[in-house]
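Visitor: I would like to learn how to read this model, feature by feature. Where do we begin?

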Amino acid sequence: MNRERTISGGVYLVLDPAREQRALLTITRQVLAGGIAVIQLWNHWLPGQDKKAFISEVCTMAHEQGVPVLINEEWELVLDTDLDGVHFDEFPQSLSAIRQQAGRTLQMGLTCGNDLDRIRRGIDEGFDYLSFCALFPSRSANSCELVRPETIKAARQMSRLPIFVSGGITPENLQSLAGTGLDGVAVISGILDAPDPAGMVQQYKQSISNVNNKQV
């Protein structure tokens with residue numbers, strides 16, 4: 001039975017399924033124990049990869065901890081898997097139609113940059129959270145514009161939707177975003193390539209707490 005797993009903030013891990021599978025799943029177990037809040041499966045698949053089998057393994061582990069699992073873009077995969085939702089880099093033709101076809105509650109997220117009209121449209125069309133990419137230069141975010149902190153502040157004034165930031169985020173440079181109203185961070189290599197992935201999750205969680213408690 002599907003249980004609703006909502007998204008409110010915290011550490012959001014993006015998994016690259018093209019990485020070596022056993023090692024990736026081992027790290028996933030570690031970071032789930034470390035307290036990540038959300039998992040997204042990036043649509044970066046190997047040729048011939050069994051997508052549904054991988055999704056099933058990740059969902060089984062994550063759901064034991066009450067953690068939602070989303071797919072990047074490929075929304076059709078929610079129809080016959082236990083995925084909890086979809087993260088879109090571009091607007092789908094109809095968010096409501098996807099929800100209706102799925103026949104269950106889904107969590108939907110949208111990648112945003114500095115375009116305030118795009119942010120407003122995402123809010124108006126009923127997305128469940130917004131993710132801003134990229135705040136800092138990084139290998140995985142080289143196709144994203146650099147987002148200005150004042151854009152995040154503006155988004156927070158528009159809505160109380162959960163706001164995530166991504167792109168080159170470290171526990172240290174996150175401190176420069178105090179006062180923007182962010183709720184969480186989305187990370188790939190910062191956790192996957194860390195010597196102690198679960199420990200790094202804890203560092204990010206502490207940094208988020210520090211940012212939200214810091215007076216600016």
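Visitor: Is Tyr129 buried or exposed?

Guide: First, a caution: this is a predicted model. Burial is read from relative accessible area, and buried means under 20%. Tyr129 has a relative accessible area of 0%, so Tyr129 is buried.

Visitor: Which residue forms an aromatic pair with Tyr129?

Guide: Phe164 does, and the pair is edge-to-face. The centres are 5.5 Å apart, with 80° between the planes. Phe164 also has a relative accessible area of 0%, so Phe164 is buried.

Visitor: Which parts does the pair of Tyr129 and Phe164 tie together?

Guide: Look at where each ring sits. Tyr129 lies in strand S6 and Phe164 in strand S7, so the pair ties together parts 35 residues apart in sequence. Tyr12 joins in too: ring pairs link Tyr12, Tyr129 and Phe164 into a cluster.

Visitor: How many aromatic pairs does the structure hold?

Guide: There are 6 aromatic pairs. One of them is Trp45 with Phe54, again read as edge-to-face, at 6.2 Å centre to centre and 85° between the planes. Trp45 and Phe54 are both buried.

Visitor: Now the strands. What is the general idea of a sheet, and what do the strands form here?

Guide: Strands of a sheet pair through backbone hydrogen bonds, either parallel or antiparallel. Here 8 strands make a closed barrel with parallel pairing, in the order S1-S2-S3-S4-S5-S6-S7-S8. From one strand to the next, the twist averages 25°.

Visitor: Which helix packs on the sheet, touching S6 and S7?

Guide: Helix H5, residues 149-158. The helix touches strand S6 (129-133) and strand S7 (163-166), and its direction makes about 165° with that of S7.

Visitor: How many bridges join S1 to S8?

Guide: Follow the bridges. Strand S1, residues 10-15, runs parallel to S8, and 4 bridges join them. Val11 stands opposite Val185 in S8.

Visitor: Which residues cover the picture of burial on the two faces of S8?

Guide: Check each side in turn. Gly184 and Ala186 are buried on one side, Val185 and Val187 on the other, and both faces are covered.

Visitor: What about S4 and S5: how many bridges join them?

Guide: Strand S4 (residues 85-88) and strand S5 (residues 107-112) run parallel, joined by 4 bridges. Val86 stands opposite Met108 in S5.

Visitor: Let us turn to loops. Where is Gly167 found?

Guide: Gly167 is in the loop between S7 and strand S8 (184-187). A loop position still needs its own burial check. Gly167 counts as buried because its relative accessibility is 8%.

Visitor: Which loop holds Glu74?

Guide: The loop between strand S3 (69-72) and S4.

Visitor: With which side chain does Glu74 make a polar contact?

Guide: With that of Lys51, at 2.7 Å. Leaving aside residues up to four places away in sequence, Glu74 touches Asn43, Trp45 and Lys51.

Key
Residues are numbered from 1 along each chain as its sequence is written. This is a predicted model: local features need pLDDT of at least 70, side-chain atom pairs count only at pLDDT 80 or more; totals for chains, interfaces and linings use all residues. Side-chain values use heavy atoms; hydrogens and water are left out. Two strands pair if DSSP finds at least two bridges between them. Axes are lines fitted to C-alpha atoms, for helices over the stretch in contact, and angles run from 0 to 180 degrees between N-to-C directions. Contact means heavy atoms within 4.5 Å. A polar contact is a pair of N or O atoms within 3.5 Å; within protein, one must be able to donate a hydrogen and the other to accept it, and residues adjacent in sequence count only if both atoms are side-chain atoms. Rings of Phe, Tyr and Trp (its six-membered ring) pair if their centres lie within 6.5 Å; planes under 30 degrees apart count as stacked, over 60 as edge-to-face and the rest as tilted. Buried means under 20% relative accessible area, exposed over 50%, partly exposed in between (1.4 Å probe, protein chains only).
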